[in-house]
Amino acid sequence: MIITITLNPAIDRTLIIDEPIEFGTVNSVSQSFVEVGGRGINVSRAIRALGGESVAMGFTGGNNGRSLKNGLTALGIHHDFTDVAGETRVNTQLVHPDGSHTDLNESGTVVTDEDYLRFIEKLKLYLDPHNLFVLCGRVPPGMKLKQYLKIIKIIKKAGCPLLVDCDGATLGSVLPCKPDFIKPNTTELAKLTGLPRTHDPEEALERVLPLREKGAQTICASLGPNGAIFVFPDETPLYMVADAGPADKSAVGSGDAMVGAIAHAYNQGMSNEELAKFAVAMGTASAKLPGTQMATMKQAYEVYETIKVYTM
């Protein structure tokens, strides 16, 4: 079973505009999409789109939280959230005519120590070495870093595999806990290493390799339209890139699609190279869809056939 943890989930609203935005005046929106969101939620959606199953955990609050849970139920995604006071946040993504996007993210509701302890009690019910945990997104307001790291330590102590996808500053504190898989993007890798952002695979590899010495077991560094590099224990690093054209709609959520594909592939027992190809294919295929829609297995495999694999 795959357990996704989104400590600060959201309702995602995507607005697509056909003309450059003009500040200080009225702008027209050509299309809009409202979906349940937050990194871990998107990972669960990707897993579901691929035909897999997961249980989504985290914190929800208020009417937005109820809408989020109802949305997951409608999608056929199992969930076991801890309810808190306040409202689950709303994130707005504005997609510009050139395909780039501007994100407006709310901070989220405060998680108290009592909320945290109730969540930990739920978490313990899923601690089985056969369960893969996926911990995604930012630390919510009110939660201390040591509490976040305790979640990781509890999962690792139980012998469960763990994939972590969080912001670069937090990821630096996570590495000593030896996560089984991390997936930094170019921005997160820059924050983590203190070096300039790069989409060049050779430069990215130089930044990634020292992370193994700091505790990361397997690393996927996503490079946007330039594909991704994968570093597995005791194997030659791989560079994957799809020859499937640019993102047609929106790259929003494509990184989460990659994480969902990694989790699903791991759960299915795919080889490391198959897992890597599948992840890049899913991310690329999802970037061709509007909003944070997730590609289906058929759409992912259409891109899979175009993946080029290079050893580094």
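**Cavity, fold and pocket**

Modeller: L7, N8, P9, F59, T60, G61, V84, T88, R89, G108, T109 and V111 line the largest cavity. This is a predicted model, in which local features need pLDDT of at least 70 and side-chain atom pairs count only at pLDDT 80 or more, while totals for chains, interfaces and linings use all residues. Residues are numbered from 1 along each chain as its sequence is written, and side-chain values use heavy atoms, leaving out hydrogens and water.

Biologist: What is a cavity, and what does lining mean?

Modeller: Rolling a probe the size of a water molecule over the atoms shows where empty space is left. On a 1 Å grid over the protein atoms alone, a cavity is a set of points where a 1.4 Å probe fits but cannot get out; a pocket is an open set with protein on both sides within 12 Å along at least five of seven lines; lining residues have an atom within 4 Å of a point. Here there is 1 cavity of 30 Å³ or more, and the largest cavity holds about 60 Å³ of space. A volume is the space filled by probe spheres set on the points, which are joined across faces, edges and corners.

Biologist: Which classes of residue make up the lining of the largest cavity?

Modeller: Its lining has 5 nonpolar, 6 polar and 1 charged residues. Ala, Val, Leu, Ile, Met, Phe, Trp, Tyr, Cys and Pro count as nonpolar, Asp, Glu, Lys and Arg as charged, and the others, Gly among them, as polar.

Biologist: How many helices and strands does the chain have?

Modeller: The chain has 10 helices and 15 strands, taken as DSSP runs numbered from the N terminus (helices H or I, at least four residues; strands E, at least two).

Biologist: Is H96 buried or exposed?

Modeller: Buried means under 20% relative accessible area, exposed over 50%, and partly exposed in between (1.4 Å probe, protein chains only). H96 counts as buried because its relative accessibility is 18%. H96 sits in the loop between β7 (89-95) and β8 (101-105). Across the chain, buried residues make up 53% of the 312 residues.

Biologist: What is the volume of the second largest pocket?

Modeller: The second largest pocket has a volume of about 220 Å³. Of its 17 lining residues, D180, F181, T218, Y266 and N272 are the closest to its centre. α8 gives the most to this lining, with 4 residues.
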